[in-house]
Amino acid sequence: MVKKIKHMAVAVEDVDAAVARYQELLDIGEPKRGEWKEGRSREAHFFFGEVQIQLCQSTDPGGRFAQHIARSGEGVQHICLEVDDIDKALEHALATGAVLTPCQAHGTLGSHAHTEGWVAFLQGQAVPGFEIEYMQVYKDGERPEEIASSL
């Protein structure tokens with residue numbers, strides 16, 4: 001069902017300071033940076049092999065990354081798992097007791113179009129340690145025209 005880890009979103013208080021530390025310790029080079037208005041966040045994206053790491057700083061105190069830091073400190077806020085069929089993945093998760101939570105960027109509950117594919121979020125820590133996002137990545141020509149590309 002799960003193909004791979006698509007990305008890991010890491011909640012940080014200061015994205016620039018976090019990038020500097022990742023560069024200093026792990027020699028990551030210069031990540032792609034930007035502000036994501038819908039997500040109310042400033043972000044820096046880079047890859048470890050095939051896994052994208054997203055360093056995410058909320059741009060307002062009520063943002064999901066600020067909330068995560070208030071609860072748990074800086075760290076992995078969610079892991080995005082790439083799946084072939086998001087509907088089947090959700091059906092399986094719900095059958096095992098998982099609960100959907102709305103996408104904080106769009107307010108949508110369940111599968112919906114996002115920047116890189118169809119996504120859905122599970123409530124809380126459906127597995128111990130982090131929140132889960134499922135993503136069925138768009139194939140060529142599948143991205144809806146009204147959906148902007150990501151950072």
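**View A. Asp 84 is exposed, at 52% relative accessibility.** Exposed means over 50% relative accessible area, buried under 20%, and partly exposed in between (1.4 Å probe, protein chains only). The model is predicted: local features need pLDDT of at least 70, side-chain atom pairs count only at pLDDT 80 or more, and totals for chains, interfaces and linings use all residues. Residues are numbered from 1 along each chain as its sequence is written, and side-chain values use heavy atoms, with hydrogens and water left out. Asp 84 and Lys 3 join their side chains in a salt bridge, 3.3 Å from N to O. Asp 84 sits in the loop between S5 and H3, and Lys 3 in strand S1, so this pair links distant parts of the chain, 81 residues apart. A salt bridge here is a side-chain nitrogen of Lys or Arg within 4 Å of a carboxyl oxygen of Asp or Glu. Helices (H or I, at least four residues) and strands (E, at least two) are DSSP runs, numbered from the N terminus.

**View B. Glu 82 also forms a salt bridge with Lys 3.** The closest N and O atoms are 3.3 Å apart. Glu 82 belongs to strand S5 and Lys 3 to strand S1 (residues 2–11), so the bridge ties together parts that are 79 residues apart in sequence. Buried or exposed: which is Glu 82? Glu 82 counts as buried, at 9% relative accessibility. Lys 3 counts as partly exposed, at 47%.

**View C. A salt bridge joins Asp 16 and Arg 42.** Their closest N and O atoms lie 3.1 Å apart. Distant parts of the chain are linked here: Asp 16 is in helix H1 (residues 15–26) and Arg 42 in strand S3 (residues 41–48), 26 residues apart. Asp 16 is partly exposed, at 36% relative accessibility. Arg 42 is partly exposed too, at 28%. The structure holds 11 salt bridges.

**View D. Strands S2 and S3 pair in the antiparallel sense.** Two strands pair if DSSP finds at least two bridges between them. Glu 35 has Arg 42, in S3, as its bridge partner. The hairpin of S2 and S3 has 4 residues between the strands. There, Arg 40 takes a positive phi near 50 degrees.

**View E. S3 and strand S4 run antiparallel, joined by 8 bridges.** S4 spans residues 51–58. Ser 41 has Ser 58, in S4, as its bridge partner. S3 and S4 make a hairpin with 2 residues between them. Which residue in this turn has a positive phi? Gly 49 does, at about 60 degrees.

**View F. Lys 6, in strand S1, is buried.** Its relative accessible area is 17%. The side chains of Lys 6 and Glu 116 make a polar contact at 2.8 Å. A polar contact is a pair of N or O atoms within 3.5 Å; within protein, one must be able to donate a hydrogen and the other to accept it, and residues adjacent in sequence count only if both atoms are side-chain atoms. Not counting residues up to four places away in sequence, Lys 6 touches Glu 50, Val 51, Gln 52, Cys 80, Glu 82, Glu 116, Met 135 and Val 137. Contact means heavy atoms within 4.5 Å.

**View G. The largest nonpolar core has 12 residues.** They are Ile 79, Leu 81, Val 83, Ile 86, Ala 89, Leu 90, Ala 93, Ala 98, Ala 120, Leu 122, Ile 132 and Tyr 134. Strand S5 (75–83), helix H3 (86–95), strand S8 (117–122) and strand S9 (131–137) each give two or more residues to this core. H3 supplies the largest share, 4 residues. Another core, of 10 residues, lies apart from it; among its members are Ala 18, Ala 44, Ile 53 and Leu 55. A nonpolar core is a set of buried Ala, Val, Leu, Ile, Met, Phe, Trp, Tyr and Cys residues joined through side-chain atoms within 4.5 Å.

**View H. The whole structure has 0 disulfides.** A disulfide is a pair of cysteine sulfur atoms within 2.5 Å. The sulfur of Cys 56 has its closest cysteine sulfur in Cys 80, 12 Å away, too far for a bond. Cys 56 is buried, at 1% relative accessible area. For Cys 103, the closest cysteine sulfur is also in Cys 80, at 11 Å, again too far for a bond. Cys 103 is buried, at 3%.
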